[in-house]
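I opened this notebook to record what I looked up in one structure. The entries follow the order in which I worked.

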Amino acid sequence: MTVYLLSVWLHIIAACVWIGSSVFLVVGVLPFFRGRDDRLFLDFIVWSAPRLRAVGWGSLAVLLVTGVYNLAARGLTFGQALDGSLWHGPFGRTLAEKLAVVVLIVVLTAFHDFYWGPRTLALRRLDPGSAAAQRARKVTMRLGQVSLLLSLIAVFLAVMLVRGRL
């Protein structure tokens, strides 16, 4: 039981780190830079992006490992997932919904971190006022906002898993 509780605790901490850093960026940091010197913004992104990316992907890795362990500790198996028996009933349906949301978060985050983020940075370095740079900035910003919203939905579904589906 002790290892299970540690795993649940780590799962919750990783979710807090993931969501906390997202909220901090979306609500606190990025609005601060609107309308300010673009050089300062670019310096901040170049400095912070690798660190935040490491924290974010590290959090997602911890969530994946502890999530799988937590399900196994509750007696659920890969065999049940493969034969479909896991997905029946309220718990299984809620778990499927949560996993679908998590897959979306991972895909959007990868797209944000490895395509749109670097593209936006490169375009803003060339010509921050160009239409392409402005469009890329908006897409990158929306990806982060949608990822944050999906993360909050994943937490809600997690609560439903442990407290019962409404």
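**Entry 1: Burial and overall layout**

I call a residue buried when its relative accessible area is under 20%, exposed when it is over 50%, and partly exposed in between, using a 1.4 Å probe and protein chains only. By this rule, buried residues make up 31% of the 166 residues in the protein.

I noted that this is a predicted model, in which local features need pLDDT of at least 70 and side-chain atom pairs count only at pLDDT 80 or more, while totals for chains, interfaces and linings use all residues. Residues are numbered from 1 along each chain as its sequence is written, and side-chain values use heavy atoms, with hydrogens and water left out.

I then counted the secondary structure, where helices (H or I, at least four residues) and strands (E, at least two) are DSSP runs numbered from the N terminus. The protein has 5 helices and 0 strands, and its pattern along the sequence is α-α-α-α-α. The C-alpha trace spans about 55 × 30 × 25 Å along its principal axes.

I looked up contacts next, meaning heavy atoms within 4.5 Å. Of the contacts with a separation of 6 or more, 73% are between residues 24 or more positions apart.

**Entry 2: Helix α1**

I followed α1 from residue 2 to residue 33, a run of 32 residues. From first C-alpha to last, α1 reaches 45 Å, close to the 46 Å expected at 1.5 Å a residue; the expected span is 1.5 Å times one less than the number of residues. Where is the kink in α1 centred? I found it at Leu-25, with a value of about 40°. The bend at a residue is the angle between axes fitted to the seven residues ending there and the seven starting there.

I listed the buried residues of α1, among them His-11, Trp-18, Ile-19 and Phe-33. Their cover includes α2 (38–73), α4 (89–126) and α5 (131–163). After α1 comes Gly-35, which has a positive phi near 75°.

**Entry 3: A nonpolar surface patch**

I recorded a nonpolar patch formed by Leu-6, Trp-9, Leu-10, Ile-13, Val-17, Val-55 and Val-62, with about 550 Å² of accessible area together. Patches are made of residues with over 30% relative accessible area and no salt bridge; nonpolar side chains (Val, Leu, Ile, Met, Phe, Trp, Tyr) are joined within 5 Å, and like charges within 9 Å. Accessible areas come from the Shrake-Rupley method with a 1.4 Å probe. The largest share of the patch, 5 residues, comes from α1. Ile-13 lies in α1 and counts as partly exposed because its relative accessibility is 35%.

I found 38 residues in α4, which reaches 54 Å where 56 Å is expected. A kink of about 40° in α4 is centred on His-112.

Pro-128 sits in the loop between α4 and α5. Its neighbours in contact, leaving aside residues up to four places away in sequence, are Asp-38, Leu-123, Ala-133 and Gln-134.

**Entry 4: The salt bridge**

How many salt bridges does the structure hold? I found 1, taking the term to mean a side-chain nitrogen of Lys or Arg within 4 Å of a carboxyl oxygen of Asp or Glu. Arg-39 pairs with Asp-43, their closest N and O atoms being 3.0 Å apart. Both residues lie in α2, 4 residues apart, about one turn of the helix. Arg-39 is partly exposed, at 45%, and Asp-43 is partly exposed, at 42%.
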